Amino acid sequence: MTHTNVPLDPERLPRLEEAPLTPVSPRLAPCQALQQLWRWWLLAVLASLVPLSEPPLADWQGRLAVGIAVLGLAMAVLAWFEARRRAYGLREHDLSYRRGLWVRRTQVLPLVRLQHVETLSTPLERAFGLVRLACFTAGGRGADLVLEGLPAARAEAVKQHLLARLEAEPAVPPEEQAP
């Protein structure tokens, strides 16, 4: 077998930005906002209930709790907008997921590296009819790509497609298998 490594022209490579992406469910936005509100509400309650022994600090305790609550409200609004910008794409050879409000992050998982797929959901996600699809590759300690915000039926359809793809392709290409 001869090895070739032909150089590629970077100008002729397909652009990831041009790949068609499907927005996740619009129900992800209120779900993410509620998760943020819950977390920050707990912090605000803790800040208001923890007794502070120093008088100057105790005078500021109420303001601290209100400040944390306002920060939590801002984080919930940002979570809402960030969730509305999420999208994913399933193509012949890869699965991509784009997220982020200020810092855009696009993950691309080549399907030939995929080894395991599972669905996950918290009680809040189930209340919104949402499921997370976790995709694993070899050697990772956790999921290499977690696709959030899929409706349950869509997540199951994507999972079944990926599992069928796993079963159809051998783990080791035939030319690399020992005789």
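Reader: What should I know about the model and its numbering?

Author: The model is predicted: local features need pLDDT of at least 70, side-chain atom pairs count only at pLDDT 80 or more, and totals for chains, interfaces and linings use all residues. Residues are numbered from 1 along each chain as its sequence is written, and side-chain values use heavy atoms, with hydrogens and water left out.

Reader: Which residues does UniProt list for "domain: YdbS-like PH"?

Author: UniProt positions are given in the numbering used here; feature names are shortened, and annotations may be inferred rather than shown by experiment. The unreviewed entry lists residues 84–162. Helices (H or I, at least four residues) and strands (E, at least two) are DSSP runs, numbered from the N terminus. Residues 84–162 are 22% helix and 48% strand. The end C-alpha atoms of that span lie 25 Å apart.

Reader: How many residues of S7 are buried?

Author: Buried means under 20% relative accessible area, exposed over 50%, partly exposed in between (1.4 Å probe, protein chains only). In S7 (residues 145–151), 5 of the 7 residues are buried. That strand is mostly covered.

Reader: Which residues form the nonpolar patch on the surface?

Author: Patches are made of residues with over 30% relative accessible area and no salt bridge; like charges are joined within 9 Å, nonpolar side chains (Val, Leu, Ile, Met, Phe, Trp, Tyr) within 5 Å. Here the patch holds Leu34, Leu37, Leu73, Val77, Trp80 and Phe81. Together they have about 540 Å² of accessible area, by the Shrake-Rupley method with a 1.4 Å probe, where for residues only the protein chains shown count as cover.

Reader: Which helix gives the most to the nonpolar patch?

Author: H3 does, with 4 residues. Helix H1 (28–49) and helix H3 (61–84) each supply at least two. Val77 sits in H3. Why is Val77 partly exposed? Because its relative accessibility is 40%.

Reader: How many disulfides does the rule give?

Author: A disulfide is a covalent bond between the sulfur atoms of two cysteines. The rule asks for a pair of cysteine sulfur atoms within 2.5 Å. The count is 0. Cys31 is in no disulfide, and the nearest cysteine sulfur, that of Cys135, is 19 Å away. That is too far for a bond.

Reader: Are Cys31 and Cys135 buried or exposed?

Author: Cys31 is buried, because its relative accessible area is 0%. Cys135 also counts as buried, at 0% relative accessibility.

Reader: How many salt bridges does the structure hold?

Author: A salt bridge is a side-chain nitrogen of Lys or Arg within 4 Å of a carboxyl oxygen of Asp or Glu. The structure holds 5. One of them joins Arg86 and Glu82 at 2.8 Å, N to O. Both Arg86 and Glu82 are buried. Another joins Glu125 and Arg132, with the closest N and O atoms 3.0 Å apart. Both Glu125 and Arg132 are buried.

Reader: Which residues are linked in a network of salt bridges?

Author: Glu82, Arg86, Arg99 and Glu148.
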